[in-house]
Amino acid sequence: MNNFNTTFRLTAVAAAMLAAYGSAFAEDDDLKQLTEPDSSISVGAGYWSNDRPQQGIFDGMRDDHGYALIDADVVKRDDATGTWFKFKGEGLGLESRKFSAEVQQQGNMGGFMSYSRIPRESPLEIRSGIRGVGSERMTVSGSGANVLPFHDVDLATYRDLIHVGFSKNLLKDVDLKLSFKNEEKNGSRHWGMGSAALFVAEPIDSTTQQLDVTLEYTGEKLQLAGGYAGSWYNNKNDLVLASVQGVSNPREDSRSPNTTPLSLPLDNEAHQFFLNAGYSFTPSTRGMLKVSRSVATQDETIPSIGLTGVNAPFAGAPHKLDGEIVTSLVELGLSSRPTSKLSLNANLRYHDVDDNTPLFGFVGNNTTRVATVHNTPHSYETKSGKVEASYLLPERFKLIGGVDFKDQDRSAPKFHDERFVPFAESIEETTYRLQLRRSMSETVNGSVAFLHSVREGSVRALPHEPSTLRDGGSIYDAINPLHIADRTRNKWRMSLDWAPVEAFSMQFNVEDSRDDYQREDGRPFGLKDGQATLVSVDARYAFSDKWQITGWASHDVTTAEQLSGRWARNTSSSIPNMLKRADLEDQGDSVGLGLRGAVTSKLSIGADVQWTRTQSSYDEDTSAARTASEIPLADIESTLTRVSMFARYAIRKNADVQLDLIHERWKTDDWTWSFANGSNYVYGTTTDGTVVSNKPKQTANFIGARYIYKFQ
Amino acid sequence: MKSLGKALRVCAFAVLAGSLFPALTATAAEKEAPKDIVLTGDAKCTTCHDENDSPEALRIGKTKHGTVADKRTPGCTNCHGESEKHVKEAGRGSGPTPPVDVGFTKKNFSSAEAQNASCLNCHQGSTRIFWQNSTHARRDVTCASCHSIHDGHDKVREAKSQPEVCSNCHKEQRAQFARPSHHPVPEGQMSCSSCHNVHGDNPSQLVKSSVNDTCYSCHMEKRGPFVHNHQPVSEDCAICHNPHGTNIANLLKARAPYLCQECHSHDSHPSSLAGLPTDRTGNSLPHTVGRGCVNCHTNIHGSNSTVNNATAGRFRR
């Protein structure tokens with residue numbers, strides 16, 4: 001009893017103290033939860049039931065096995081000094097892992113280091129006899145006794161990026177920022193032998209580096225940012241020598257010797273100095289200036305210059321290209337709001353890409369060994385500008401009108417004999433914009449915009465016509481390349497945001513763009529017109545504070561009408577033996593649905609459905625009958641359906657467990673890697689024999705479980 | 001034992017009384033001068049908007065704006081204005097509460113210029129120098145349209161969740177990223193801001209001054225200059241590629257040979273009719289199957305070959 005009394009009295013005292021301090025501690029805890037950075041570490045495991053060649057290209061979970069699911073987001077702050085300590089890791093158990101660490105005393109200095117790996121695994125199944133993939137010497141399987149043992153070739157590339165950065169506040173309003181990136185690219189990608197359709201893989205092992213040093217001044221009226229940006233590309237390989245086992249040359253003519261040298265990108269680098277400036281003359285008037293100059297060079301010794309025999313260098317060909325491109329940019333901008341309702345923007349821009357690479361003859365006739373083909377520098381000097389005004393109307397409507405113009409001078413290859421496509425030596429484009437929009441309203445916002453642009457090429461440099469045509473016409477000059485062709489573009493865009501009540505909102509969006517590629521006399525071929533249309537709807541509805549559903553759907557169609565001709569080799573007539581009019585169409589339909597809800601205070605669930613169907617069609621009319629083997633291309637349809645669900649249960653205040661389920665289905669009838677009869681594509685007519693295919697149906701299920709620990 | 005218990009009770013009372021006294025006496029003083037909760041000077045607001053009224057507002061403490069050791073960190077009124085009318089009249093009378101001077105929500109809105117000016121007071125420098133000339137600024141996009149200022153995990157600043165924010169407006173790009181061939185944005189390996197400086201005024205609000213310079217950041221092997229340059233490559237990668245996504249492998253806008261025949265009108269095989277070979281014997285014209293024209297013109301982005309005129313200049317080597 002005595003014990004009871006003592007215990008009771010002491011407990012009573014404790015309760016009294018708790019009454020005084022307990023709520024304060026609880027309040028402190030609540031406040032801390034609200035105001036201090038959150039951290040979490042998540043550890044778990046997942047399993048995919050099947051390979052996912054198409055959907056697993058980038059996500060590091062291509063194959064059917066288990067995966068460690070490890071993520072971390074640790075954020076701590078020393079409140080006394082304002083110093084942040086951050087560590088973030090995503091997919092640490094996957095091929096696509098990334099992590100970063102950062103220490104920053106806010107307002108003073110900081111540094112970070114990050115690492116990321118981006119895998120890109122080819123979705124194709126390749127079975128080949130090729131030897132030496134990944135190296136500079138590859139041997140393609142021959143025929144008969146020269147067939148090499150076949151094996152699976154898994155093409156994949158990996159980018160491993162390390163990024164370090166440092167920033168320091170040097171003086172009041174003056175900051176220094178340093179950034180250095182080193183990316184190692186490794187692996188091989190799909191390539192070709194060059195002279196015939198034979199399978200070869202390009203080794204891409206290389207290093208790219210980027211250094212940025214920026215000094216910034218951020219004053220009340222004046223802001224400056226200037227510095228240096230350097231970038232370097234270093235290819236670990238510079239020339240591939242590919243051969244076909246047991247044959248004298250891949251195409252059995254002298255143009256394609258065995259071994260065949262295949263060039264690779266050579267080392268290059270670029271150095272840029274830049275200055276960006278902005279000055280606020282008044283709170284509503286601001287001027288801007290951008291100036292930069294960069295020099296990009298490529299002067300590595302050309303490796304094929306060292307070859308001998310039929311591959312020996314041509315007379316006068318230099319050992320190096322001495323490539324140099326100087327890019328200059330000057331831009332002036334002005335924005336002003338002369339009245340509370342009127343805003344004005346103007347911009348003038350000069351962008352000059354000047355290829356200063358000297359001209360040399362590099363290759364030519366194999367018999368005479370005279371170099372007749374030169375390198376092809378291209379320069380572009382672009383002057384552009386825009387003027388725009390917007391005026392605020394009643395009911396928060398705003399009318400915006402503007403004009404953009406672009407005037408570009410372009411260099412054409414100097415030697416007429418080396419031009420195979422018509423060139424435009426200048427292009428002018430003017431674009432007019434008009435928009436009526438309503439924004440910042442509580443219930444209904446939206447806009448209607450119209451764009452009209454006209455592009456014209458004023459001067460054309462004619463291409464060379466290799467064959468002398470009897471009729472004096474032209475085949476090579478009969479086309480208007482899509483990027484320089486005269487074009488009229490009309491584009492509409494309408495969007496509407498409707499939020500009648502807090503719990504419900506909808507968005508409607510319609511876009512339609514039409515391009516008319518005007519025909520020039522004598523140049524009937526190329527794109528005739530194009531159209532792109534998009535319709536989308538988004539909606540969100542919150543049943544309650546705890547339950548919400550979202551959904552969206554979009555439908556888009558892109559079409560292009562193209563006219564081209566077909567001629568026999570070395571024809572003497574400019575009249576094609578077949579006219580081809582193709583109606584190309586790509587269509588996409590997508591639907592997304594999402595549900596998020598809290599079943600209890602401890603259990604939350606969610607589900608997402610994504611369905612996407614893409615269709616491509618290639619309707620083509622011909623003026624002459626097709627032969628039996630000229631079978632029109634079939635349409636292609638691909639469908640992705642993905643249903644994912646999760647349930648998250650709070651086992652403690654600071655710990656959750658989560659279960660994830662995904663069902664994924666990919667289906668395609670893509671014939672890209674098929675013969676006309678639907679069988680898998682096989683490289684080579686008698687040699688090689690590499691078989692390439694894609695899996696038309698890919699279904700996989702995922703189950704994953706995680707333990708999530710949360711702390712501050 | 002009795003005296004021990006008494007002594008404990010006396011001590012406890014003394015501690016309790018001693019503790020409560022200053023707390024009780026302080027109450028009156030605190031009422032006169034409310035204490036800040038997160039930011040310097042926030043008591044003006046948090047007297048009403050405390051953890052019970054507006055817990056989401058206090059979450060500013062989780063962000064860089066809540067780091068008070070950094071003397072540049074703003075208080076509530078630096079962003080929302082002094083809002084004297086709101087402070088004076090809120091909760092008094094039956095009428096609606098007057099809005100704060102600078103509001104960032106639809107219910108409590110200010111003009112886009114006023115909202116952005118509030119942020120640009122501190123953030124006008126660095127990559128935002130040209131904000132006023134950007135398309136976003138000229139279309140009334142506000143900082144708060146994309147950023148959740150009071151949230152420690154601002155969606156738009158995280159690669160995985162950023163596209164969700166951008167696709168609130170950019171529906172065309174959302175549809176394109178759902179295509180079979182796309183940059184790894186849906187997978188979270190890249191984000192929209194890998195290529196776009198949404199605060200800048202470069203064409204298409206790219207991070208660099210041109211499309212090609214932006215692409216070269218990651219695809220530097222395409223930069224050249226090459227011995228044999230393919231003209232459209234040196235001009236604009238987007239002539240042939242749609243970087244957001246397409247139905248054709250390698251982000252191509254159209255399939256070979258159609259894509260190539262948009263520029264090339266030639267005799268012989270370049271003008272061939274699109275079609276699949278019937279079998280291996282038809283492989284001499286592999287311009288549609290597999291990689292199409294690029295089966296042979298394999299170095300289509302540019303070649304450094306000095307070998308053989310019929311092949312090198314046409315990107316076969």
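In chain A, strands β7, β14 and β15 make up an open three-stranded sheet, arranged in the order β7-β14-β15 with mixed pairing. The edges are taken by β7 and β15 (260–263) of chain A; each has a single partner strand, so one side of each is left without a neighbour in the sheet. From one strand to the next, the twist averages 25°. The model is predicted.

Within this sheet, β14(A) and β15(A) are joined by four bridges and pair in the antiparallel sense. One residue pair can be picked out here: A:Leu239 has A:Ser263 in β15(A) as its bridge partner.

Another open sheet of chain A has four strands in the order β8-β6-β38-β37, and its pairing is antiparallel. Its edge strands are β8 (151–153) and β37 (681–682) of chain A, each of which pairs on one side only. Two bridges hold the antiparallel pairing of β37(A) with β38 (residues 691–693) of chain A. Across that pairing, A:Tyr681 lies opposite A:Val692 in β38(A).

In soluble globular proteins, nonpolar side chains tend to be buried together. The largest nonpolar core here has 37 residues, and the members that touch the most others are A:Phe199, A:Val200 and A:Tyr618. At least two core residues come from each of β7 (137–140), β11 (199–203), β14 (239–244), β33 (578–598) and β37 of chain A.

What does A:Val200 touch, leaving aside residues up to four places away in sequence? Its contacts include A:Met138, A:Val140, A:Ala242 and A:Leu262, and among them are also A:Arg189, A:His190 and A:Trp191.

Helix α6 (residues 112–123) of chain B has 12 residues, and its first and last C-alpha atoms are 16 Å apart, close to the 16 Å expected at 1.5 Å a residue. Buried positions in α6(B) are B:Ala112, B:Gln115, B:Asn116, B:Ser118, B:Cys119 and B:Leu120. These buried residues pack against two other helices of chain B, α4 (76–80) and α8 (143–146).

Charged pairs come next. Over all chains, the structure holds 52 salt bridges. One of them joins A:Asp38 and B:Lys62, whose closest N and O atoms are 2.8 Å apart. This pair crosses between chains: A:Asp38 is in the loop between α1 (2–35) and β1 (39–48) of chain A, and B:Lys62 is in the loop between α3 (55–58) and α4 of chain B. A:Asp38 counts as partly exposed because its relative accessibility is 31%, whereas B:Lys62 is buried, with a relative accessible area of 6%.

Inside chain A, A:Glu664 forms a salt bridge with A:Arg52, with 2.8 Å between the closest N and O atoms. The two residues are 612 residues apart, A:Glu664 in strand β36 (residues 655–668) and A:Arg52 in the loop between β1 and β2 (66–78) of chain A. Both A:Glu664 and A:Arg52 are buried.

B:Arg255 and A:Asp670 form a further salt bridge, their closest N and O atoms being 3.9 Å apart. This pair also runs between chains, from the loop between α12 (231–235) and α13 (309–312) of chain B to the loop between β36 and β37 of chain A. B:Arg255 is buried, at a relative accessible area of 6%. Elsewhere, shared partners join A:Lys185, A:Arg189, A:Glu202, B:Glu221 and B:Lys222 into one salt-bridge network.

Technical notes: Residues are numbered from 1 along each chain as its sequence is written. Chains are lettered from A and ligands numbered from 1 in the order in which they are written. This is a predicted model: local features need pLDDT of at least 70, side-chain atom pairs count only at pLDDT 80 or more; totals for chains, interfaces and linings use all residues. Side-chain values use heavy atoms; hydrogens and water are left out. Two strands pair if DSSP finds at least two bridges between them. The expected span of a helix is 1.5 Å times one less than its number of residues. Buried means under 20% relative accessible area, exposed over 50%, partly exposed in between (1.4 Å probe, protein chains only). Contact means heavy atoms within 4.5 Å. A nonpolar core is a set of buried Ala, Val, Leu, Ile, Met, Phe, Trp, Tyr and Cys residues joined through side-chain atoms within 4.5 Å. Axes are lines fitted to C-alpha atoms, for helices over the stretch in contact, and angles run from 0 to 180 degrees between N-to-C directions. A salt bridge is a side-chain nitrogen of Lys or Arg within 4 Å of a carboxyl oxygen of Asp or Glu.
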